[in-house]
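I opened my notebook to look up a few spots in this structure.

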Amino acid sequence: MTRLMNRRELLKGVPWAVGAGIAASAIWLPGCQQPLAPLKVSSHVWVGYELMFLARELGYFSNDLIKLVEVPTNSASMMALSNREVGMAALTLDEFLLAREGGVDVKAVLVFDESAGADAVLVKPDIRRLADLKGKRIGLESSAVGALMLAKLLESADLRLSDVQKVEVSLDRHLEAFRDNEVDAIITFDPMAQQVREAGGVVLLDSSQFPGLIVDVLVAYGDALTENPAACRALLSGYFKAAAFMRDKPQEAARLMAPRLRLPASEVAVAFERIRIPDIVHNQRWLGGHAPQLINAARSVGDILLQAKLLRAPPTLSAFCDPSYLPEAV
Amino acid sequence: MKQPSLRIWLPLVFLAALIVVSVSSVVYSLHRYQSQLEQNARDDLLSDVARLVRMADRGWPVNQGLIAADLAQIAGTTPVTAAVVFDEDGVVLMAQRVAWVGRRMSDVLPYLDVARVQKTLQSRAPDWIISADGLHLDAIQSFAFMPGAKEVRASRRGLVYVAYDLTLMRRQAVYSELTGRIPDVIGMALIFLGLVWLLGRHVTGPIGRLDRVAEDLSRGHLDIHIPKEGAREVQLLAEGFEELRQDLAATWRAMPDLLFEVDAHGRYLRVMTSRPELLVTSPDQLIGRSVDEVLPAQAAALVHQTLADAALKGGVWGQEIMLDVPAGQVWFELSVARKVRPGTLVPTYLVISRDITARKRMQETLAKLNEELELRVTERTNELLKAKNEAERANQAKSEFLSRMSHELRTPLNAIMGFAQLLQLSSKESGQQNYTQQILSGGAHLLTLINEVLDLARVESGQMTVSLEWVKVSGVVRECLELIAPQAQTRQVRVTAHACDTELYVRADQVRLKQVLLNLLSNAVKFNTQGGSVDINCHAQDGQVYIYVKDQGPGLTDADRAKLFVPFERLDADQRQIEGTGIGLALSRRLMQLMSGDIGVDSEPGRGASFWLKLERTEPGVIKVAPAPMPGEVVRDGVTPSDRLVLCVEDNPTNLQLIETVMRMMPGVRLMTATLPSQGLAMARDHHPDLILLDINLPEMDGFAVMQCLREDAQTRDIPVVAVSANAMAQDLERGRSAGFADYVTKPIDVSRLMRLVEELTRRPD
């Protein structure tokens with residue numbers, strides 16, 4: 001009889017269990033199974049960004065999580081970001097500041113590289129000194145980097161903007177413009193800089209002379225991050241794994257990266273020599289801590305951009321960078 | 001098959017129905033979504049391709065930057081897996097991946113069919129394909145490069161290829177459709193739970209509680225509260241239960257019996273009683289224990305045996321058992337019936353134990369009473385037997401007394417009558433004649449009186465027996481007419497028989513019938529008027545024969561008739577100087593009754609009386625009884641035989657003298673006498689007399705023994721012997737006949753009859 005009673009009590013619970021199951025499944029279904037579109041990251045071709053593509057090539061992150069959108073120029077990248085066609089973009093620090101001022105609510109989650117010669121002012125061989133630039137045509141992309149380099153160039157050469165002739169050349173036409181003598185000098189960066197160099201360009205000034213000025217960052221919309229934090233983490237983790245891969249197998253890495261950079265594999269390493277890639281620990285310093293390095297850099301750059309009237313006001317630096325998506329330092 | 005619980009299957013059926021409906025709805029909706037998705041994706045795809053083609057058609061290579069930006073934008077959209085521009089030689093000019101530029105189309109898009117590419121190059125229209133699963137679709141369209149400086153018309157053509165993967169979009173569609181159903185699902189769950197709750201609260205819960213109540217009831221907890229709750233039907237059920245419970249409780253209270261349920265091993269499963277003092281121990285202590293543990297071994301064995309019988313027969317009644325319980329020593333009657341619990345095969349037994357102590361005691365008392373009674377009956381029987389024996393002995397003594405009295409009265413009367421007759425015969429003087437006649441008349445009266453008194457006494461004491469045989473009525477009537485003739489003559493009364501010559505036979509004792517009829521005739525003559533007449537009539541009716549004797553006397557009043565058959569009532573006979581004993585009619589009635597007949601009288605005062613006899617009619621030979629030898633008729637033909645020798649054996653000298661006197665009066669008869677039997681026997685052998693008159697009451701040996709000797713002797717065997725005795729009892733006469741006596745003459749001797757006998761028996765054939 002006791003057995004029967006137990007069974008009876010057991011049966012009594014069944015409908016409640018079924019009901020609870022239905023309710024639970026109603027809650028569980030959307031929570032766990034939501035299919036998310038891959039987090040899109042736009043970038044143009046820049047050696048500092050290349051480890052990201054190496055990671056894709058090596059399969060270090062899933063294409064379901066991250067979709068790398070290759071745009072022709074950093075302006076296109078900025079536009080894609082502004083239009084929210086992408087959730088993340090690889091930008092230079094100055095572009096980042098400009099974007100923020102333009103109401104694009106993004107923050108930095110990674111510092112790709114610090115230009116140490118990758119950005120350069122290449123001139124025709126006949127120009128030997130900075131002062132020789134006076135009255136010359138200087139080609140440059142209408143970007144913040146261009147403005148930045150120009151500002152530094154003028155500062156170094158002790159010239160004014162009126163002393164030179166500024167020619168706007170889109171990045172993809174830098175080589176062409178230089179070769180065709182449309183300009184006397186070109187402010188460009190690797191790998192274009194290398195190509196220009198090969199075309200007889202002489203480096204008059206490069207970014208190695210202004211450390212911490214030209215910094216490439218990965219920026220992201222805050223809501224895109226909260227929507228799919230795993231994708232961002234996967235991207236950064238893959239990025240640093242690719243960096244490790246390049247360290248271990250530089251030649252293999254160079255071979256894989258060469259087609260995109262449109263460089264012979266042998267020159268890939270050279271290109272990387274002109275930038276400094278901070279590792280995870282350095283990235284922590286750039287992005288985290290009491291006084292993130294990036295904030296300092298942003299202030300400096302902000303000042304220059306302000307002087308160049310590229311910025312209308314000093315940049316607001318709240319919610320500027322977020323180190324929380326960086327992988328644990330090994 | 002086990003029926004599932006209402007509480008389970010009703011919600012489950014409802015749930016299943018909900019699920020089926022929901023799933024159908026979702027599937028249909030998804031199908032619609034998918035069609036829509038495909039439609040939209042195709043439109044987008046073709047639009048993307050058209051955009052690139054339009055730009056390339058006019059702008060290549062001038063607007064390469066713009067085309068690249070557009071291509072990047074297109075490639076950046078979620079479903080796009082490939083966006084490639086290549087020339088007719090298959091070299092990639094532009095792609096979503098910078099690394100692909102300059103490579104062969106067959107390297108980067110190995111799945112792209114060459115024939116399809118060729119076909120597209122010929123056409124201007126886009127060519128699009130969707131995979132069978134609807135997840136992958138792509139489109140390819142050609143465009144013309146701007147004509148070279150030396151060309152009028154572009155000679156080279158390029159191609160734009162865009163591919164979509166809809167997997168994610170479809171997944172998102174499914175997801176969004178499913179999440180859109182969440183309110184439905186939650187609603188469904190709520191309805192389901194609500195249903196379960198309602199069902200539980202109003203139906204299955206109350207039913208479950210009723211089930212437990214039923215369980216308790218079956219365990220005998222009859223004072224349990226039955227909850228009345230839930231749906232109306234369930235409440236009705238509960239009411240029915242309550243009624244049943246009250247019935248059961250009342251029945252149980254009214255029943256003086258104990259009820260147990262035990263299993264096959266005699267273990268108590270249930271104990272119910274309203275009289276706990278009859279239980280060996282309290283019900284709680286009985287449950288779960290075996291009869292072996294609580295009852296004495298012998299009683300337990302009996303219970304086990306009863307259970308085994310019930311297992312075989314289904315039910316057993318009337319097994320009696322005595323137990324010591326708190327109420328004392330009690331007898332129980334066990335009734336056991338087997339039952340099987342629903343759903344199991346294990347039999348249990350319902351035992352009703354009835355207190356039959358009172359009945360048992362009563363039985364014992366009754367048995368004791370019976371025994372006492374039997375003892376008393378035996379005692380009484382013995383007493384009665386003793387009394388009967390004594391009565392019989394007394395009766396015997398009375399009979400002997402009567403017999404002796406009869407003998408003792410007759411013997412002196414014999415002498416009186418005999419000698420008076422002799423005197424009358426010898427005297428010639430009319431004075432003396434007159435005196436002797438008076439003596440004879442008185443003697444005859446006395447004799448009749450004695451005979452009748454004796455007869456009546458015998459009838460009254462039940463000693464009178466009749467031997468019923470067939471009797472011819474006409475014979476009896478004729479005989480009686482002869483016998484009554486002298487008396488009638490004296491009274492000058494004419495006696496006539498009418499219609500009595502017919503062949504009528506009745507069942508009667510001849511002697512007694514004659515006695516009765518003679519008595520009636522004698523009365524008719526005596527009470528008749530001088531010179532009157534008596535008529536005898538016979539007739540048969542309804543198997544009965546009636547004999548009427550009608551006189552012309554004064555008749556009888558009703559009061560007379562009432563006293564008529566009472567002994568010693570003589571009516572007015574005394575006043576009328578008519579002699580009689582007053583016994584005749586009383587005796588007649590007794591005799592008629594003995595013969596299964598009847599006697600009666602029809603009379604009116606002044607018109608005479610008509611007495612009737614009623615007897616059962618019969619046919620001759622119906623009664624196998626030897627007819628009594630009829631007394632030979634007196635023949636007065638005057639033949640004088642020569643010397644005839646008569647031997648008389650008689651010890652009484654007075655009687656002997658009478659016989660000698662009578663014999664002397666008969667011419668040609670010589671008498672020899674012997675006073676002792678031995679002497680008589682010797683004389684019979686020596687002289688071979690013609691007739692022997694043998695007294696029965698003889699010294700040495702009685703007349704029967706003498707008769708036997710005579711019969712055993714060849715010389716004396718054929719001599720007729722007449723018994724002469726004062727033993728006038730009927731059995732004496734019978735005994736005499738069977739002993740071989742020719743006739744029987746009773747004392748006092750009727751002289752004329754004796755003379756007739758001697759005459760008749762000694763007549764020699766001529």
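In which helix is the place of Met707(B)? I looked it up in the predicted model. Met707(B) sits in helix α19 of chain B, which runs over residues 703-712.

**Entry 1: Met707(B)**

I checked the cover on Met707(B) next. Its relative accessible area is 1%. Buried means under 20%, so Met707(B) counts as buried. Then I listed what Met707(B) touches, leaving out residues up to four places away in sequence. I found Leu694(B), Val721(B), Ala739(B), Gly740(B) and Phe741(B). I also looked up the pair Met707(B) and Leu694(B), which are 13 residues apart along the chain. Their C-alpha atoms are separated by 8.2 Å.

**Entry 2: a surface patch in chain B**

Which residues make a nonpolar surface patch of about 310 Å²? I noted Leu6(B), Trp9(B), Leu10(B) and Val13(B). Val13(B) belongs to helix α1 of chain B, residues 6-59. Its relative accessibility is 47%. Exposed would need over 50%, and buried would need under 20%. Val13(B) is therefore partly exposed.

**Entry 3: strand β8 of chain A**

I moved to chain A and strand β8, residues 185-189. How many of its 5 residues are buried? I counted 5 of 5, so the strand is mostly covered. Next I wrote down which way the residues point. Ala185(A), Ile187(A) and Phe189(A) point one way from β8(A). Ile186(A) and Thr188(A) point the other way. Why two ways? In a regular strand, side chains alternate between the two faces of the sheet.

I then looked for the partners of β8(A). Strand β5 of chain A, residues 119-123, pairs with β8(A) in the antiparallel sense over 5 bridges. There, Val121(A) has Ile187(A) as its bridge partner. Strand β6 of chain A, residues 137-140, pairs with β8(A) in the parallel sense over 3 bridges. Here Gly139(A) stands opposite Ile186(A).

**Entry 4: helix α10 of chain A**

My last stop was helix α10 of chain A, residues 250-261. Its buried residues are Ala253(A), Ala254(A), Met257(A), Ala258(A), Arg260(A) and Leu261(A). Why are they on the same side of α10(A)? They cover an arc of only 160° around the axis, so they share one side. I also noted what they pack against in chain A: α2 (50-57), β2 (66-70), α7 (192-198), α9 (229-248) and α11 (265-273). After α10(A) comes Arg262(A). Its phi is positive, near 55°.

Conventions. Residues are numbered from 1 along each chain as its sequence is written. Chains are lettered from A and ligands numbered from 1 in the order in which they are written. This is a predicted model: local features need pLDDT of at least 70, side-chain atom pairs count only at pLDDT 80 or more; totals for chains, interfaces and linings use all residues. Side-chain values use heavy atoms; hydrogens and water are left out. Patches are made of residues with over 30% relative accessible area and no salt bridge: like charges are joined within 9 Å, nonpolar side chains (Val, Leu, Ile, Met, Phe, Trp, Tyr) within 5 Å. Accessible areas come from the Shrake-Rupley method with a 1.4 Å probe; for residues, only the protein chains shown count as cover. A salt bridge is a side-chain nitrogen of Lys or Arg within 4 Å of a carboxyl oxygen of Asp or Glu. Helices (H or I, at least four residues) and strands (E, at least two) are DSSP runs, numbered from the N terminus. Buried means under 20% relative accessible area, exposed over 50%, partly exposed in between (1.4 Å probe, protein chains only). The arc is that of the directions from the helix axis to the C-beta atoms. Contact means heavy atoms within 4.5 Å. Two strands pair if DSSP finds at least two bridges between them.
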